[in-house]
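Colleague: I'm new to this one. Could you walk me through it and tell me how you know what you know?

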Amino acid sequence: MSPRPEEAAMRQEVVNRIEMIIKELWPTADVQIFGSFSTGLYLPTSDIDLVVFGKWERPPLQELEQALRKHNVAEPFSIKVLDKATVPIIKLTDQETEVKVDISFNVETGVKAASFIKDYVKKYPVLPYLIFVLKQFLLQRDLNEVFTGGISSYSLILMVISFLQLHPRIDARNPSENLGVLLIEFFELYGRHFNYLKTGIRIKNGGTYVAKEEIMKAMTNGYRPSMLCIEDPLLPGNDVGRGSYGAMHVKQVFDYAYTVLSHAVSPLARSYPNKDCESTLGRIIRLTQEVIDYREWIIKKWGGRDLARIDNREQQRDSVSPHSADSPMSISSPQQHSSASSVSSLSGSDNNGAKFNVKGFHNPPLVNNAVLANRGHTHAHTHTQYHRNTWRRRKRDSLPVSLSR
């Protein structure tokens, strides 16, 4: 699931194509990447987020839309102008790669959030691994988008950061910590113990849990704290989880994952009939052949490119770009640099690897009772057949109906 150099090169080509069109229109405009491609925490199917900075009284959405159509960059009928949205954007699907792109104008918050996340990726080497698995887990269940009731990528990252900040026993700054234990305990915290009704998450100043009443004092526009209340570390008064109306469904699937994984690593699991044919992580994560074929196509087409040359400018601009030595891509699993033929192993074989060794895990307590009480817890090439919505729907075939709908 972690990005490969070829996937980063492909995405950078998409960015370069769009940036050329923007620069042709406005030579002095500044085009910046933010979101998951900027932080390196993107799945093979993630969108690319771009923001254009320039001097306009109003975002020139229609002007850019016409230029994009003229250059035939996007798939026919894929360009959409959302000028009534809270943040007006242009959405499109790149014709050559089928990568989806969102373009906004003069919005600084996304760039600041990406920089904030990169700092925590450096601080907590375990963070990218957990994010990749959790993103895929939520994607399969249609819970990775706010408009479907799920949680945004930013909310998920803040939840993981809070979990790592406040872990009573494990030092998340240590890159050799057992990721399997961390994953199970993340599911345990947010699936069983976290008190969604009364407690908010705060990242600032080392992290803490706060009563929702305290967070409400700083909120503006008459908002009340949401079920999943996460204080925005970059914008006081903003509740990042506000739009996640299905937060209790997310809690339910986290509880399900905790149950499945804790059973899978218990001593009793040695007697399970499927113990030799299913990996531990494979009990909650699936990759379809569609995605495997898509990634093989990317490797074949972009595998011979000079990756450093393609994004030399981006590396100079951003020391933690998706291609830099500090990015999660450089510390991800060996499969990331594997040949196309080995990609198929991701679908059914044990993809958790040594870093996800959970042997010997015997359900240690997440936090002691005093801490729980004090912090408010309760007990077309091939790719032309590829469509992400279809992929998500097909995922449901392997999931419990009550948890995947």
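Modeller: Helices (H or I, at least four residues) and strands (E, at least two) are DSSP runs, numbered from the N terminus. This is a predicted model, where local features need pLDDT of at least 70, side-chain atom pairs count only at pLDDT 80 or more, and totals for chains, interfaces and linings use all residues. Residues are numbered from 1 along each chain as its sequence is written, and side-chain values use heavy atoms, leaving out hydrogens and water.

Colleague: How do you know that E6 pairs with E7?

Modeller: Four bridges join E6 (residues 199-202) to E7, and at least two are needed, so they pair. The two run antiparallel. Gly 200, for one, has Val 210 in E7 as its bridge partner.

Colleague: Why is Pro 27 called exposed?

Modeller: Exposed means over 50% relative accessible area, buried under 20%, partly exposed in between (1.4 Å probe, protein chains only). Pro 27 has 61%, so it counts as exposed. Pro 27 sits in the loop between helix H1 (5-25) and strand E1 (30-34).

Colleague: Which residues is Phe 186 in contact with, leaving aside neighbours within four places in sequence?

Modeller: Contact means heavy atoms within 4.5 Å. For Phe 186 the partners are Leu 134, Leu 156, Met 159, Val 160, Phe 163 and Phe 254.
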